[in-house]
Amino acid sequence: LQYRKSSTITSGNRRKTVTNTDDARFRNCGRRIRDALADLLQTKSLTDISVSELSRKAKVSRATFYVHYDNVGDVFDELVGEVMDNVLSFGERFSCENPKCTAREKSRFCERIRSEKELAGVVREARFFPSVMAFAWEDPDAKTDAVARGIDPMAMRAVRLSQMSGCHAIASSEFAKRDDWPHIRHVIDTFSEGGLRAIEKA
């Protein structure tokens, strides 16, 4: 999945452009803020974490926080992007049939949700899946893929939401802890792929 990255920072009601976002100190502060939130999410929900608490945890001032982010939710969305980094997009998931396809090296969404450790608190957060889908809706390749398959793009969105929400629910459940998880995932993958092939022929 592709996520937007911008050097335009929102602070309060003003927007200002940070001209040196590649500066090592700037990047380090942002990293500390994200790491601090990931740590806090291991024991707290997102709605219980304030800018003040997050700033203290990251050892930065509130002013420094607002140079990087507008609110705690913005930090969370970047962590969602990190969880989803190098994960197969929906289109790649069903179009990479060639054994030499480089997308095969990426993680599957279901498996990333199940196996994530460092950002486990992010994955457990109630806002995680809505944030994933908000980003996924903006994927420009999704519409192109749907048209190429002869499927209505809006209907394809609904299919994608159904597949990803189901996968997220299963990978976050007791099923993911079972010893026969590889078999369970194979059955789910077979079902999903069969359904998409059926839609293409409809």
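**Entry on L196.** I began with L196, which is buried, with a relative accessible area of 3%. I keep in mind throughout that the model is a predicted one. Looking up where L196 sits, I found its place in helix α11, which covers residues 181-201. I then took the distance from L196 to I151, a residue 45 positions away along the chain, and noted that their C-alpha atoms are separated by 9.8 Å.

**Entry on disulfides.** How many disulfides does a search of the whole structure find? I noted that the search finds one. The two residues that form this disulfide are C110 and C167, and I wrote down 2.3 Å as the distance between their sulfur atoms. As a reminder to myself, a disulfide is a covalent bond that joins the sulfur atoms of two cysteines. Are C110 and C167 buried or exposed? I looked up both cysteines, and C110 is buried, as is C167.

**Entry on C29.** I also checked C29, another cysteine, and noted a relative accessibility of 16%. Because buried means under 20% relative accessible area, C29 counts as buried.

**Entry on aromatic rings.** Turning to the aromatic side chains, I noted that the structure holds two aromatic pairs. In one of them, F65 and Y66 have ring centres 5.4 Å apart and ring planes at 90°, so I recorded this pair as edge-to-face. In the other, the ring centres of F65 and Y69 are 6.0 Å apart with the planes at 45°, and so I recorded this pair as tilted. Why is the pair of F65 and Y69 tilted? I reasoned that planes under 30 degrees apart would count as stacked and those over 60 as edge-to-face, so the 45° between the planes of F65 and Y69 makes the pair tilted.

**Entry on the cluster.** F65 takes part in both pairs, and I noted that F65, Y66 and Y69 form one aromatic cluster.

How values were computed: Residues are numbered from 1 along each chain as its sequence is written. This is a predicted model: local features need pLDDT of at least 70, side-chain atom pairs count only at pLDDT 80 or more; totals for chains, interfaces and linings use all residues. Side-chain values use heavy atoms; hydrogens and water are left out. A disulfide is a pair of cysteine sulfur atoms within 2.5 Å. Buried means under 20% relative accessible area, exposed over 50%, partly exposed in between (1.4 Å probe, protein chains only). Rings of Phe, Tyr and Trp (its six-membered ring) pair if their centres lie within 6.5 Å; planes under 30 degrees apart count as stacked, over 60 as edge-to-face and the rest as tilted. Helices (H or I, at least four residues) and strands (E, at least two) are DSSP runs, numbered from the N terminus.
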